[in-house]
Amino acid sequence: AWGSLWLWRKAQMGLPLQGSTVRAAQVIDAVPLGPGNKLAVVAFGGRELLIAVSRTGITLIAEDARENAGA
């Protein structure tokens with residue numbers, strides 16, 4: 001039971017479960033805003049996206065499409 005809980009929490013946090021997995025999307029930073037709510041910066045396709053994450057869904061707030069984003 002404890003092992004399943006640990007694995008579920010790792011999957012919820014978006015952490016890689018294996019050492020050298022290449023991911024298409026990567027969480028750069030996340031700031032908790034309260035229970036079940038946070039702001040996150042996600043790198044995807046050469047862009048950085050600012051998203052709001054809540055229990056009811058995910059909302060795109062801003063997008064940085066500069067060529068050097070993520071560098």
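Me: What share of the 71 residues of the protein counts as buried?

Reply: In this predicted model, 10% of the 71 residues of the protein count as buried.

Me: How much accessible surface does the protein have, and what share belongs to carbon and sulfur atoms?

Reply: The accessible surface comes to about 5900 Å². Carbon and sulfur atoms account for 58% of that surface.

Me: How many helices and strands are there, and what pattern do they follow along the sequence?

Reply: The protein has 1 helix and 4 strands. Along the sequence the pattern reads α-β-β-β-β.

Me: What is the order of the strands in the sheet?

Reply: The 4 strands form an open sheet in the order E1-E2-E3-E4, and the pairing is antiparallel. Strand E1 (25-34) and strand E4 (58-64) are at the edges; each has a single partner strand, so one side of each lacks a neighbour in the sheet. From one strand to the next, the twist averages 20°.

Me: How do strands pair in a sheet?

Reply: They pair through backbone hydrogen bonds, in either a parallel or an antiparallel manner.

Me: Which residue forms a salt bridge with Glu-63?

Reply: Arg-47 does; the closest N and O atoms of the two residues are 2.8 Å apart.

Me: How many salt bridges does a search of the whole structure find?

Reply: The search finds 1 salt bridge.

Me: Why does Glu-63 count as partly exposed?

Reply: Glu-63 has a relative accessibility of 41%, and partly exposed covers the range between the buried limit, under 20%, and the exposed limit, over 50%. Arg-47 is partly exposed too, with a relative accessible area of 41%.

Me: New topic: among contacts with a separation of 6 or more, what share comes from residues 24 or more positions apart?

Reply: Residues 24 or more positions apart account for 0% of those contacts in the protein.

Key
Residues are numbered from 1 along each chain as its sequence is written. This is a predicted model: local features need pLDDT of at least 70, side-chain atom pairs count only at pLDDT 80 or more; totals for chains, interfaces and linings use all residues. Side-chain values use heavy atoms; hydrogens and water are left out. Two strands pair if DSSP finds at least two bridges between them. Helices (H or I, at least four residues) and strands (E, at least two) are DSSP runs, numbered from the N terminus. Axes are lines fitted to C-alpha atoms, for helices over the stretch in contact, and angles run from 0 to 180 degrees between N-to-C directions. A salt bridge is a side-chain nitrogen of Lys or Arg within 4 Å of a carboxyl oxygen of Asp or Glu. Buried means under 20% relative accessible area, exposed over 50%, partly exposed in between (1.4 Å probe, protein chains only). Contact means heavy atoms within 4.5 Å. Accessible areas come from the Shrake-Rupley method with a 1.4 Å probe; for residues, only the protein chains shown count as cover.
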